[in-house]
Amino acid sequence: MLKVGQSAQIARGYSEGDISAFSALSGGKSHGVPEPLISALFSYLLGVELPGSGTNYLKQDLQFKKVAPLNTLLTAKVTITELRREKHLVDLWAICTAPDGAVICEGRSLVKAKDVPGAFCTPS
């Protein structure tokens, strides 16, 4: 059951090979880990871990503060900050940090989830 304060996290590093593969797909070049790859960590967490399966991603507002270096283990974390039961909405704080604690990016995510406690379901 979802509750305020609940969190999930994942740690991942990106190699030069990962960036080359991404650049081949996107057509861009990057110094450091591209922002879309960092954002994808949050997408994974929201769709697989918290809230999980059946989650609809509505909005994400991230502020990138530093370039994420290659070959560094990044930790992405989402934490539930508010549950809006009547609309099945979940507000989460998203943050990605480097091993030294430096904030790479942070911001808000808003999702619609099927298992918001106290929400009542309408028949299909």
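A residue counts as buried under 20% relative accessible area, as exposed over 50%, and as partly exposed in between. Keep that scale in mind as we walk through this predicted model. With a relative accessible area of 33%, Arg12 is therefore partly exposed. Its salt-bridge partner is Asp18, the closest N and O atoms being 3.5 Å apart, and Asp18 is partly exposed too, at 28%.

Let's turn to the sheet. Its 5 strands are arranged in the order S1-S3-S4-S5-S2, forming an open sheet with antiparallel pairing. Strand S1 (7-12) and strand S2 (56-64) lie at the edges, each pairing on one side only. From one strand to the next, the twist averages 20°. Within the sheet, strand S3 (residues 74-84) and strand S4 (residues 89-97) are joined by 9 bridges, and Thr79 stands opposite Trp93 in S4.

Beyond its neighbours within four places in sequence, Leu74 is in contact with Ile38, Val33, Cys96 and Ile104, among others.

Back to charged pairs: the count comes to 4 salt bridges. One of them joins Arg108 to Asp91, with the closest N and O atoms 2.4 Å apart. This pair links strand S5 to strand S4, 17 residues apart. Asp91 is buried, at 2%, whereas Arg108 is partly exposed, at 32%. Through shared partners, salt bridges join Arg84, Asp91 and Arg108 into one network.

How values were computed
Residues numbered from 1 in each chain as written. Predicted model: local features only at pLDDT ≥ 70, side-chain atom pairs only at ≥ 80, totals over all residues. Heavy atoms only, no water. Pairing = 2+ DSSP bridges. Helix = DSSP H or I, 4+ residues; strand = E, 2+ residues; numbered from the N terminus. Axes fitted to C-alpha atoms, helices over the stretch in contact; angles between N-to-C directions. Contact = heavy atoms within 4.5 Å. Salt bridge = Lys/Arg side-chain N within 4 Å of Asp/Glu carboxyl O. Buried < 20%, exposed > 50% of the residue type's maximum accessible area, 1.4 Å probe, protein only.
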